[in-house]
Each structure stands twice: as structure tokens, then as C-alpha cells.
Amino acid sequence: MNLTIKELLDYTDEERDKWRRWFDGHGSEPLKLPLAGETHKTVGALVLHCFWAEMFYARWMQGETLTEESEVVTRNKDLATDRVEELFDFGREARREMRAFADAAGEAEWERTYEVVSGGFHLSGSARKLVAHILVHEIRHWAQAAVVARQSGLAPPGD
């Protein structure tokens, strides 16, 4: 049995919905919880990182690499990492972009090797590999957010 990209997209949609409802019930304060390290300083910054990464991959595989001049970057440059609605609205936009690619891609697009060098990093792989990677990336970061919530005395969403 194989897990499809559509099933993985559906699963991560469910996880996002759990977290969105959780933040709706807890307010924006948990978005401000600090994370160890220097890369993403708060839970909100981590969530934004997940959504931005998905937007980047979706646009990239549709032929547009996000740059400082990109419309989506300009429009969302100062996106608040401590506003639940604003943050998750951007997440929905990123997911629409990813699903647009996934729904329209034929076998050639799924098997083609995508490559980009940007901001000091090099990414290369088939769409199937890259989309699976970015969705698993999000799952891992939700687990990180759950640990921080627990360490702060909050029960994260889920069973």
C-alpha cells in the first residue's frame, strides 16, 4: 500500500485545522512562546516558516521562484507571527497554491527534476519527493510546537 500526496495533503490539512482551532481557543499568546535556538524564535515564527516553505515550493514547481521582488513576498513581507487569523490565512493561501500544483500536475511534472539555488541553499528532486518533503517538514514542526506547548503547561491539540 502506498500513501499518496493527496492523502498526505489531506492529513496535514486536518492537523492545521486542529492547531487553528486550538489557537482560536487559546488566543495569540501561545504563538509568542519562545523556541530554543536562533532560527525561529517563537512558535508563531515556526508556523510562518512552515507556510512560507510550502508557498515557496508550490510557486517554484509552477515555474516561479519567490524573490524579494515577488508579489507574494511583497504582500506578506511583514506578516505578523502573533496573529492567529493572519497567519493561518496565509497558510490557507499556501495550501491553495500547493493543491493547484498537485491537482494540475501530470506524470511528467511529478517525475521531472526541479532544481533551485537560492539564498545560499541548493534544492533538487522530483516533485513527488519535494512535496512529500515539505509536508513531512510541517508535521515535524507541529510536533516541535506541541513539545513547546507541553513545556509551557498547555495541552496541544490532538488525541
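**Notebook: helix packing around α4**

I began with the pairing of α1 and α4, where K6, L9, D10, T12, D13, R16, W19, R20, F23 and D24 of α1 meet V84, E85, F88, D89, G91, R92, R95, M98, R99 and A102 of α4. I took contact to mean heavy atoms within 4.5 Å, and I took helices (H or I, at least four residues) and strands (E, at least two) as DSSP runs, numbered from the N terminus.

The model is predicted, so local features need pLDDT of at least 70 and side-chain atom pairs count only at pLDDT 80 or more, while totals for chains, interfaces and linings use all residues. Residues are numbered from 1 along each chain as its sequence is written, and side-chain values use heavy atoms, with hydrogens and water left out.

**α1 with α4**

By class, I found seven nonpolar, two polar and eleven charged residues in the contact of α1 with α4. For these classes, Ala, Val, Leu, Ile, Met, Phe, Trp, Tyr, Cys and Pro count as nonpolar, Asp, Glu, Lys and Arg as charged, and the others, Gly among them, as polar. I then looked up the geometry: α1 and α4 pack at an angle of about 170°, with their axes 11 Å apart. The axes are lines fitted to C-alpha atoms, for helices over the stretch in contact, and the angles run from 0 to 180 degrees between N-to-C directions.

My cut-offs were under 20% relative accessible area for buried and over 50% for exposed, with partly exposed in between (1.4 Å probe, protein chains only). Not counting residues up to four places away in sequence, R92 touches R16 and R20, and the C-alpha atoms of R92 and D13, 79 residues apart along the chain, are separated by 9.1 Å.

**α2 with α4**

Next I looked at α2 and α4, whose axes come within 8 Å and cross at roughly 25°. The two helices, α2 and α4, are therefore roughly parallel to each other. I noted the crossing of α2 and α4 as left-handed, a label used if the near helix is turned anticlockwise from the far one by less than a right angle, with right-handed used if clockwise. The residues of this contact of α2 with α4 divide into 14 nonpolar, two polar and five charged.

How exposed or buried is E54? I found that E54, which lies in helix α2, counts as buried at 1% relative accessibility. Leaving out residues up to four places away in sequence, E54 touches R16, A94, R95, M98, I134, L135 and E138.

**α4 with α6**

I then turned to α4 and α6, which pack at an angle of about 155°, with their axes 12 Å apart. That angle makes α4 roughly antiparallel to α6. F88, R95, M98 and F101 of α4 make the contact with A127, V131, I134, L135, E138 and W142 of α6. I counted by class and have eight nonpolar, no polar and two charged residues for the contact of α4 with α6.

**The core**

Which residues touch the most other members of the largest nonpolar core? They are F23, Y57, M61 and F88, in a core of 47 residues. I used the term for a set of buried Ala, Val, Leu, Ile, Met, Phe, Trp, Tyr and Cys residues joined through side-chain atoms within 4.5 Å. The elements α1 (5-26), α2 (43-61), α4 (84-104), β1 (113-118) and α6 (127-151) each supply at least two residues of this core, and the largest share, 13 residues, comes from α2. For M61, leaving aside its neighbours within four places in sequence, I listed contacts with M98, F101, Y114, A127, L130 and V131.

**Two further residues**

I also looked up L46, found in helix α2, which counts as buried at 2% relative accessibility. L46 touches L35, H40, H141, Q144 and A145, not counting residues up to four places away in sequence.

My last entry is L154, in the segment after α6, which is partly exposed, with a relative accessible area of 25%. Apart from neighbours within four places in sequence, L154 is in contact with W22, H26, P30, L33 and A149, and the C-alpha atoms of L154 and P30, 124 residues apart along the chain, are separated by 8.8 Å.

Note on methods: Parallel < 35°, antiparallel > 145°, perpendicular 65-115°, else oblique.
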